[in-house]
Amino acid sequence: MKPRTGPAGSGPVPGRLRGIPALLLQTLLVVAVALPAGIAIAPAFLAPDRRSDASPAAPPWQQAPTTLSAPGGTDGIGPLSAAAAVPAGPVLAAQLNETLKPDGGGTFTGIVQDAATGRVLFDRAADEARVPASNMKLLTASAALRVLGPDHEFSTRVVAGPTAGSVVLTGGGDVLLSAGESDPGAVLGRAGLATLAQATVRALKNDGATGTVSVLLDDSVFSGAPLSQAWSPEDVAAGEMAPLYPLALNSARFDPAKTTGPRPQDAAMTAANAFAVRLTAAAKASGLSVAPGVARVKPGAAAQSAHAKVLAEVRSAPVRQQLDLMLQSSDNYLAEIMGRMTALGSGRPATNDDAIAAVLQQVRGMGVDTEGLRAADVSGLAAANRVSVRQLTAVVRAMTSGTDTRLRAALAGFPVAGLTGTLGERYMDAATAAGAGLVRAKTGTLNTVVALSGYVVDADGRLLVFSFVGNGLRPGAANKAALDRSASVLARCGCR
């Protein structure tokens, strides 16, 4: 095998940080993915983490993603050479068969493909439908990018109410609102309710409003049950999921700094009450007052608010940045919201079933064979989901090498081994050091399930896509290590 090297003149690539951040920035973090038509990307990062399969540290999410540059100040690295050698399948398989072993009971399936050609280099029961856990989010991200587009933003509006002196807070899919000022540089908290309240007061005063203002809530853009029967009550109680509404603070968290534990059971009303508090503060200096309490608009009145005068509006972070956060942190709530917004964008109602149907329609539209695929949700929290590793890898390959360049926007959100997101605390030993900073993959964890699907450039400069999924595993066993060792095999390949 050849030793891994970085950009020209940078020397060997170390397997992990080891206290040398400047060297990592120069070597580990600039491995770009070659794309058709000469397009290349450099990774963008968000801080970790939001799920049980992630680092326990609570991140400061208000920062925007940072696109890292190659040495010399360029914004990326040129396309990989098509002449780079493809690993020999039998040699690669021999190594993976040594690493992809369960700790105790259960089994692993897996597949590795050359991204450019689709050639299968490793296949272990690749067509067997398995519980994918949060790897399901890869399907949701793809569908959202195809329907909504990477730069689409969700709107939260205040419109004139049905009676004099009333205003209606109208949810439009942004569940990353903050209670404070809008922050254009943020993802979580980019759109702030304080800013919306101040703009509302200005509009009311410009219209000659006096006296008392009452606040109504319109969250009717979503329909159907706010909770899916596919989710276990235990997961809901633990805060892995909550009733879905088209507006929420902090991805339906009480505190943006606390990313575990119970969530609001009525995230829309929680946000509406926070807006009323901010509106009260903004109205004082203008001679207005705000009536206590918030009520939902009556059935049938929601259609009127859709045509009412817009008083104020704030807009979310673009879909590409929200998907970065969703993939990096594996946020189930945000994934389900993306599914419902994808359904709306497809001309469907925003229900759980329609979110599933819309996502699968787009996956089929990408050319992925969905035979045997069963979807019970779009986040991967449901144990009834079934997806094969061949299908997962087909989605990853569409992102890295397919003809629909909108899908490229998902790649920056893949966690980076040993550095970001749900892989930030992994790849920290000698057995996985070769993959640190190089493997980029979506994780998945349920009680007896682990999964890892992503992409890596091997030591010869060949882009590989892969998926490994374990089912029926012993709870608490060290099965993530098997995934990480296997992905590290790909990173250090030669394999000839």
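**Strands 5 and 6.** I looked up strand 5 (residues 107-114) and found that it pairs with strand 6 in the antiparallel sense, over four bridges. Strands here are DSSP runs (E, at least two residues; helices are H or I, at least four), numbered from the N terminus, and two strands pair if DSSP finds at least two bridges between them. V112 stands opposite F122 of strand 6.

**Basis.** I am working from a predicted model, where local features need pLDDT of at least 70, side-chain atom pairs count only at pLDDT 80 or more, and totals for chains, interfaces and linings use all residues. Residues are numbered from 1 along each chain as its sequence is written, and side-chain values use heavy atoms, with hydrogens and water left out.

I then traced the open sheet: five strands in the order 6-5-16-15-14, with antiparallel pairing. Strand 6 (120-124) and strand 14 (440-446) are the edge strands, each pairing on one side only. The twist averages 5° from one strand to the next; axes are lines fitted to C-alpha atoms, for helices over the stretch in contact, with angles from 0 to 180 degrees between N-to-C directions.

**Helix 12.** I checked what helix 12 (residues 480-491) lies across: strand 5, strand 14, strand 15 (449-457) and strand 16 (463-471). Helix 12 runs at about 15° to strand 15. Contact means heavy atoms within 4.5 Å.

**Disulfide.** I searched the whole structure and found one disulfide (a pair of cysteine sulfur atoms within 2.5 Å). C493 and C495 form it, with their sulfur atoms 1.6 Å apart. The torsion about their S-S bond is about -80°, so the disulfide is left-handed. Both C493 and C495 are buried (under 20% relative accessible area, 1.4 Å probe, protein chains only; exposed is over 50%, partly exposed in between).
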